[in-house]
Each structure stands twice: as C-alpha cells, then as structure tokens.
Amino acid sequence: MDVYAGAETPLVVLDSCALPRTWVVVGVSIDPFVGSIFVTRYQGGRDPCVLRLPLASNDMPPPTNVTNEGTCEMSYAGVLAELRDIIEASDQSMRQGRECETREQKEEWWKNRKQLDDRLGDLLHRIEAAWLGDFKGILANTHIVSECALDEFRQELQHLLVAKWIPKSQVAKCKGLELDVTICQLLLNLSSLLDFASSDLLDACHCILDSYLYQNVALEYEQIDIQQMALDLRELIEKYSKQGHTNADEHIILIVDKYAQQLPWESIPCLRGRAVSRLPSVTFLADRLLAMRVKQQLGAAFRDAADTPPMFGSPSRRHCSTTGPLPASLMLGPADVDLPGLKRVHSQEEKDGEIDGVVVNLRRLYYILNPEGDLSRTQSTFEPFLTRR
C-alpha cells in the first residue's frame, strides 16, 4: 500500500473552481494488469490524498448467507465475473416472474430474489473488506476537529509508537519524523462509521509502522503485538473523536475510470445511506462549477443593473466583462433565476461568489412513476404521497 498525501493529481484543476465545502470528490481507478486500485480524495481547503491499494488475488471465502457453489477471486476479473453472473441471474428471474401464477411459484420466485440480493450484498461487503480494508476512511464523512486537536492526535500517536512499539535502540532515529496529517485525518474519519472496530485498523497499523521502516528505523515485527496496537489506536481515535463532530452534510462525488465504472460503488457498506453522485470526469465537474460561478456573477451584475440608471449599451453588456455570446455550457437560463437545485447563500460568502452546495429545488422537481403502466399497485401506493410533495 502506498500513500501519497498532498500529491499533485489531476484533481488540482478544481482549485480554481472553489469546490464547495460540503463536497468531497473521490476518484477511483483500477489497474487490472498490475492488480492495484487508486483512490483519491479531494476536498476544498485540504491537501489531496492518494492511496494505492493492492487488489486481493486470493479466492474469496464462500458467502456466509447464500448458497453459491462457484468460487470467485477478489481479483478484478473475478469480481466482475461474479457481478455479471448475478445480473444475468436477476434478468432471468425477472423474465420468469411473469409466468408465476400459483402461490408456491410466487414464494419460490421471491426466495430466489432474496438469495440474489444477499449474494450481491455479500459481494459488496467483500469488495470493501478486500480492496479498501482499513482505509475505507477515505470514503467516510470528514470528522471535523481543530487543527490544534489534529496535531495533538498526531503527536500522541507518535508518542505511543515510540513508547511501546519502536525499539529503544531506534528511538533516536525517530526524532524529526512526523506522521502525515492527512493520514491522521483519515484515521479520525473512521469514527463516523457505525461498524468501526479495532479489527479495521490492522492494515493501518502496518502502514504506520512501514512509514518508519522506510525512514531506516529498524523494527522488530515479531515482538510487536499488532492486535494490541490496533486496540490502542482505536482508543486514541475514540478519545479525539469526542473533541469534534462529523460533517453529516457532505456529498460524495465519485469519478471512476473505465474499469471501475461497472461496479456499484454507491452501494458498498460504507457509502450506504450517504449522498453520492457519479460524474464522468474531473473536467466535467470543473465545468459545472465554473458555470454556476459565472451564473452567480451574472446574477449579481443584473441585480446591480436594475438599480443603476441606463448609460450606454445594455445593462448586461455594461456590467459583464464577457463580450459576444456566452458559450453553450454557460447559458443556463435567465441570470435572475437560480440554477435548478442550486442553493444560494445569502451572506458574505455569496458576495464572494462561493457556491455552498446543491440542493433539490422542490418547485422544479418531477417524479416519474410507473412509466410502463404495469405497476398499478405501486402507483396507487406512492401516487398520493408524491402528489402531496
């Protein structure tokens, strides 16, 4: 596992676009040829962090809650084959559902659907455990603590390592060595996960020890109780997690490459119940942010023009620095109308042109219910609720 904290990545293009504070951009790239997965986390006002994690090549353990006679490797090809098999079985089940007439046939059909659902859930759990492991904190909500508290966490963790796990003969070499603050933040982020346990920290402990090993600090791994080290690290995380709070309003924006896009990342356990969107590329996101920023600036210009006596030319020409027609990507409608779903902050932040986030505008929200006309019971159940919205 390699960690590149503060590394220069293509996501730095977002710097000029003022990424909203509640947005977290996560890039997922898979190299199936060398068996690695790259996960990048970018957040406004923080250094980007890039993790290079190995894809497990051992056979997956058999599912615990479903019957699956085949075996599947946690390699990229093995996981993809398992997912395709589940999808094909689901499609076949949907076709057979039309032929179910008796009560027994319907019960058997639902039993099969439940098995497929459990099979997919088991696969997603194993993807998270084998590919992300202890570093799933890169996808967790940010646990916000003060810079002082984060630095104290780092220092206390370093003191714990030197006092208990670094040989006394090597302590002198540890002077001047500091753990990366970005990695410390990822560890604190784990506190926001409900299933967070000390067993989730074994890989993180090895990563921390390896960071000292790479600095020529000789370690005696056979004398290190890695289980106890994980327990100590968990207690430390719990201690400092009480000093801050988790940002529950964060929105994850996933940007996946052509190898990762076939997998349902939004449904892995650590992202369930979270606000997640998927975009095709970083440049697409940067273009949308730029468009919203220009729209805000144009809106401010038109509002100023409404209170200013006309001079020469149109108000938009006088107050807007753009000459000629706007590019199609920036023509988002009248400047005095909010972008669909755009939350405007009526404060000093708005005057500075900061985009605080995107929310659903209920006045421009539409529902598509039962487009095929074959789900009459579903329509009768949900139609009154949606009509009231």
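Modeller: A cavity here is a set of points, on a 1 Å grid over the protein atoms alone, where a 1.4 Å probe fits but cannot get out, and its lining residues have an atom within 4 Å of a point. This is a predicted model, in which totals for linings use all residues. Residues are numbered from 1 along each chain as its sequence is written.

Colleague: What makes Asp134 a lining residue of the largest cavity?

Modeller: Asp134 lines the largest cavity, as do Phe135, Gly137, Ile183, Leu186, Leu187, Leu190, Ala204, Cys207 and Ile208, so each has an atom within 4 Å of a point. Helix 4 (181-189) and helix 5 (202-213) are the elements that give two or more residues to that lining; helices are DSSP runs of H or I with at least four residues, numbered from the N terminus.

Colleague: How much space lies in the largest cavity?

Modeller: About 60 Å³, where a volume is the space filled by probe spheres set on the points, joined across faces, edges and corners.

Colleague: Why is the lining of the second largest cavity counted as having seven nonpolar residues?

Modeller: Its lining is Leu157, Leu160, Leu161, Trp165, Ile208, Met229 and Leu233. Leu, Trp, Ile and Met count as nonpolar, with Ala, Val, Phe, Tyr, Cys and Pro, so the class count is seven nonpolar, no polar and no charged.

Colleague: Which helix gives the most to the lining of the second largest cavity?

Modeller: Helix 3, with three residues. Helix 3 (147-164) and helix 6 (226-241) each supply at least two, and the space in this cavity is about 30 Å³.

Terms used
This is a predicted model: local features need pLDDT of at least 70, side-chain atom pairs count only at pLDDT 80 or more; totals for chains, interfaces and linings use all residues. Side-chain values use heavy atoms; hydrogens and water are left out. On a 1 Å grid over the protein atoms alone, a cavity is a set of points where a 1.4 Å probe fits but cannot get out, and a pocket is an open set with protein on both sides within 12 Å along at least five of seven lines; lining residues have an atom within 4 Å of a point.
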